[in-house]
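Reader: I am new to this one, and I would like to learn how to read it. Could you show it to me and take me through its features step by step?

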Amino acid sequence: MLPLTKEQRVKVEENMGLVGKVIGDCVHTLDKGCIYTYDDLFQIGCIGLCKAAQTDQPGHKGAFSTYAYCLIRNEIYTQMEYATRRGREQATDPAELPCGVVDDSLEERDACRELMGLLDRAEATATGTTAKGIRAIRMRIDGYSSKEIGVSASDKM
């Protein structure tokens with residue numbers, strides 16, 4: 001990323017509160033096993049805000065804040081998704097991360113194991129659309145985005 005111009009720095013400073021707004025509106029996992037603190041997410045959001053300031057087009061019809069909100073949100077979501085995938089890859093025992101949540105209770109872990117068993121049994125006999133749906137559920141559990149799941153499904157057609 002290139003250094004910001006003076007005008008871009010002013011735009012970032014004037015819209016810094018937008019980062020906190022995005023976190024408040026879009027992040028609902030801070031107390032539920034999220035690996036990031038509020039400060040971490042704020043820094044990540046600031047990167048999105050800087051990217052918005054650098055790529056905003058003069059004379060653009062929409063408000064800068066609307067554009068920046070989207071880039072901040074996407075930057076935060078991208079990093080959270082990346083961290084979730086990395087956490088799953090580094091787990092040595094799948095029971096450590098049932099259904100992708102670190103702080104599950106014993107009951108939640110048992111429910112996830114039961115759900116995975118049901119998926120296994122259903123997948124053994126599923127065909128057509130049902131089989132695709134089960135594959136999509138498994139990919140979602142593994143942290144894939146809807147877009148990635150859609151691309152995977154279209155590749156198998």
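Author: Happy to. Read along the sequence, the protein follows the pattern α-α-α-α-α-α-α. Helices (H or I, at least four residues) and strands (E, at least two) are DSSP runs, numbered from the N terminus. The protein has 7 helices and 0 strands. This is a predicted model, in which local features need pLDDT of at least 70 and side-chain atom pairs count only at pLDDT 80 or more, while totals for chains, interfaces and linings use all residues. Residues are numbered from 1 along each chain as its sequence is written, and side-chain values use heavy atoms, with hydrogens and water left out.

Reader: How many residues does helix 3 have, and how far does it reach?

Author: The expected span of a helix is 1.5 Å times one less than its number of residues. Helix 3 covers residues 38–55, which is 18 residues. From its first C-alpha to its last it reaches 26 Å, close to the 26 Å expected.

Reader: Which residues of helix 3 are buried?

Author: Buried means under 20% relative accessible area, exposed means over 50%, and partly exposed is in between (1.4 Å probe, protein chains only). In helix 3 the buried residues include Leu41, Ile44, Gly45, Gly48 and Leu49. For the protein as a whole, 29% of the 157 residues count as buried.

Reader: Which residues have the most contacts inside the largest nonpolar core?

Author: A nonpolar core is a set of buried Ala, Val, Leu, Ile, Met, Phe, Trp, Tyr and Cys residues joined through side-chain atoms within 4.5 Å. The largest one here has 23 residues, and those with the most contacts inside it are Leu41, Leu49, Ala68, Ile72 and Ile76. Helix 2, helix 3 and helix 4 are the elements that give two or more residues to this core.

Reader: What is Leu49 in contact with?

Author: Contact means heavy atoms within 4.5 Å. Leaving aside neighbours within four places in sequence, Leu49 is in contact with Val12, Asn15, Met16, Val19, Phe64, Ala68 and Ile72. Leu49 has its place in helix 3 and counts as buried because its relative accessibility is 0%. Leu49 and Ile72 are 23 residues apart in sequence, with their C-alpha atoms 5.6 Å apart in space. You can look at Ile76 in the same way: not counting residues up to four places away in sequence, Ile76 touches Val22, Ile23, Val27, Leu41, Ile44 and Gly45.

Reader: What share of the contacts joins residues 24 or more positions apart?

Author: Among contacts in the protein with a separation of 6 or more, residues 24 or more positions apart account for 56%.

Reader: Now for charges. How many salt bridges are there?

Author: Side chains of opposite charge can pair when their charged atoms come close. A salt bridge is a side-chain nitrogen of Lys or Arg within 4 Å of a carboxyl oxygen of Asp or Glu. By this rule the count comes to 3. One of them joins the side chains of Asp56 and Lys11, at 2.8 Å from N to O. That pair links distant parts of the chain, with Asp56 in the loop between helix 3 and helix 4 (64–90) and Lys11 in helix 1 (residues 6–14), 45 residues apart. Asp56 is buried, at 16% relative accessible area, whereas Lys11 is partly exposed, at 25%.

Reader: Where do Lys21 and Asp25 lie?

Author: Both lie in helix 2 (residues 17–26), 4 residues apart, about one turn of the helix. Lys21 counts as partly exposed at 46%, and so does Asp25 at 36%.

Reader: What does the side chain of Glu75 meet in a salt bridge?

Author: The side chain of Glu75 meets that of Lys51, at 3.0 Å from N to O. This pair also links distant parts of the chain: Lys51 is in helix 3 and Glu75 in helix 4, 24 residues apart. Lys51 is partly exposed at 33%, while Glu75 is buried at 15%. Leaving aside neighbours within four places in sequence, Glu75 is in contact with Ile44, Ile47, Gly48 and Lys51.

Reader: Which ring does Lys11 lie over?

Author: A charge sits over a ring if NZ of Lys or CZ of Arg is within 6 Å of the ring centre and within 35 degrees of the ring normal. Lys11 lies over the face of Phe64, at 4.9 Å from the ring centre.
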